[in-house]
Amino acid sequence: MKCIITFKPDFGEIFQKNNQRKCSKQKSMEKFLFIIREDVQQLKSSPQLHQQRIQEMTKWSVDLAESGNYIGGNALKTNGSYIAKDDVLSDGPFIEAKECISGFIFIDADNIEQAISIAQTCPYVMDSTMAIEVRPVLLTENNPQTHV
Amino acid sequence: MLLYCFRDMDMANAEDIVQDAFSAALVSWKEDNMPANAEGWLFKVCRNKAINKIKADKKLSTVNGAEHFDIHETVFPESLIEDQQLKLLFACAHPGLAPKAQVVITLKYVINLKVEAIARILAMSIDGIDKLLVRSRQKIKDEKILFEELPAGTLNKRIPVVHKILYLVFNEGYKSSWGKQLIREELCEEALMMTKILLESRLANNETCALYALMLFNAARLRSRFSISGALLDLEEQDRNVWNQDLIILGSKYLQQSKDVTVSSYHYEAAIAYLHCIAGNFKATRWNIITGLYQRLLQLHSNPFIELNYAIALYYSGKKENAFSILKTLHQHTFLHQYYLLNTTLGKLYLLEKDHAKAKNYLLAALKQTNILAEKDFIMRLLEKTINADTT
């Protein structure tokens, strides 16, 4: 095939200044942690259901990545220990099993309103089988990055 | 449109009135000829109906409260339709709404799609879309989002969000087809058209240019992504002669124009798309430059899904070990582990490496992770290759 392109953008020239100047949009973004809570007892009793829900959350993460909001996240295993002073409870202290932490996601958002609004688009929040706690990440000047 | 003129009206009422007006149009246009300015005619009818409706409502309330009333109407010339669309788009770009919600209300109120169509396009349930709309409608109502006249400063601040919406709308149209393919191509066209309108307005900046270029490059390849029989083709299999050269040239022109001191993710993505478009064949693709561009993109905004693409580019540029090590790290990630494209990628690359057993495992995993028929077929074809290779 012939190459009939007449305009040849010069990438060196276009992009060389990037390092000197940070994208202003990135700067105004804030980081948020989504603490995902759901009925972990139920997930425990059905690994298949657990798998299926993780898959659905994956689809949602792809959406968030496409819109440039997703940073990272993971699902958690259903076991764990709870440590408080004088106390180590293993296999979960899960007092309120319906609202147990089952995973976390880090996102970028313009502001907390948008972060909340994003959490509301989660398919399981919509069918009310999941709750998401939205917390802004506190960043210090020396440590402007979260490590996920 | 109506919502703009009458601040006192809510969306449900406005939708009813517009429907009324259209049925009135059907009746009266049958008898007479079409009016010269059909849009203006419709608007006038809507306006009159709206005034009547508001008057009726107010009368009801005055009976009780006996309060004084007047109707706020912003007057504007009838031919501003295009600008109105843009205005609505900026209204949808409210920073308090999730990008997904912004896309949904844009599809509903700017592009005028039905809820069922939106649900189909976004692979969401109608119920889900309704919930999103109800939530955003509440917000729109509470904060009068669609009614505010935005000052220039706010408009400028919203440009990145508007870009994002247009990008996402285009993306939705571009994704592999399932359900009705036609609607999806229309979405790409709508996104292109609105970006063009934005470009022609005073609000556009160099990012708009880069975004437009990116869309043009992808639009140029749109038709080649499926074979005549409807099978999904990857970049390597696509017939490059089908690529629309006019769109590519136009895209290059805009990419050239978009040069500026600030470089956005659209610039990088457009540049990557450009390099793919100008490569005479798959092997001639300049993978080295592309990996460099992905690196920059990751610096600007890092997420595992961009890393996946970066790894693919690394593989083809010859840095196979780096590529596999990135992919393996990604694979340990719970959400990515469930992502069919990661498993498909690993499957395909192991196939190229002639490690058929591994390829097969990944492809089988991927097969379970997508419900889209064309994608399943695509994975099946790769799987067949691993099986054929085993038997020979």
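Residues are numbered from 1 along each chain as its sequence is written, and chains are lettered from A in the order in which they are written. Because this is a predicted model, local features need pLDDT of at least 70 and side-chain atom pairs count only at pLDDT 80 or more, while totals for chains, interfaces and linings use all residues.

**How confident is the model?**

- The model scores ipTM 0.74 and pTM 0.77.
- Chain B averages a pLDDT of 80, and 74% of its residues score at least 70; pLDDT is the predictor's confidence in each residue, from 0 to 100.
- Two stretches of chain B call for caution: pLDDT stays under 50 over residues 1-8 and also over residues 64-81.
- For residues 1-8 of chain B the model has 27 contacts beyond four places in sequence, and for residues 64-81 of chain B it has 16. Two residues are in contact if their C-beta atoms, placed from the backbone, lie within 7 Å.

**Chain A at a glance**

- Chain A has 6 helices and 6 strands. Helices (H or I, at least four residues) and strands (E, at least two) are DSSP runs, numbered from the N terminus.
- Reading from the N terminus, the elements of chain A go α-α-β-α-α-β-β-β-β-α-α-β.
- Of the 148 residues in chain A, 28% are buried. A residue is buried if 20 or more other C-beta atoms lie within 10 Å of its own, exposed if 12 or fewer, and partly exposed in between, with C-beta atoms placed from the backbone.
- Take the contacts in chain A between residues at least 6 apart in sequence: 75% of them join residues at least 24 apart.

**A helix to look at in chain A**

- Helix α4 of chain A covers residues 47-66, which is 20 residues, and reaches 29 Å from its first C-alpha to its last.
- That reach is close to the 28 Å expected at 1.5 Å a residue; the expected span is 1.5 Å times one less than the number of residues.
- Buried residues of α4(A) include Arg53(A), Met57(A), Trp60(A) and Leu64(A).
- Just after α4(A) comes Gly68(A), with a positive phi of about 75°.

**Chain B at a glance**

- Chain B is built with 19 helices and 0 strands.
- Buried residues account for 37% of the 392 residues in chain B.
- Among contacts in chain B with a separation of 6 or more, 58% are between residues 24 or more positions apart.

**Two helices packing in chain B**

- Two packed helices are described by the angle between their axes and the distance between the axes.
- Helix α5 (residues 99-110) and helix α8 (residues 152-174) of chain B pack at an angle of about 70°, with their axes 10 Å apart. Axes are lines fitted to C-alpha atoms, for helices over the stretch in contact, and angles run from 0 to 180 degrees between N-to-C directions.
- So α5(B) is roughly perpendicular to α8(B), a label that covers angles of 65 to 115 degrees.
- On the α5(B) side, Pro99(B), Gln102(B), Val103(B) and Thr106(B) meet residues of α8(B), among them Val161(B), Ile165(B) and Leu168(B).

**The nonpolar core**

- The largest nonpolar core holds 105 residues, and Ile107(A), Ile165(B), Ala213(B), Phe217(B) and Ala270(B) touch the most other members. Such a core is a set of buried Ala, Val, Leu, Ile, Met, Phe, Trp, Tyr and Cys residues joined through C-beta atoms within 7 Å.
- Helix α10 of chain B (residues 206-221) gives the largest share of this core, 11 residues.
- Leaving aside neighbours within four places in sequence, Ile107(A) is in contact with residues including Phe32(A), Phe34(A), Leu64(A) and Tyr70(A).

**Where the chains touch**

- Most residues other than glycine have a negative phi.
- Asn112(B) has a positive phi near 65°, and sits in the loop between α5 and α6 of chain B. Asn112(B) counts as exposed because it has 11 C-beta neighbours inside 10 Å.
- Lys354(B) also has a positive phi, about 65°, although it is not a glycine. Lys354(B) is in the loop between α17 and α18 of chain B, and is exposed, with 9 other C-beta atoms within 10 Å.

Terms used: Parallel < 35°, antiparallel > 145°, perpendicular 65-115°, else oblique.
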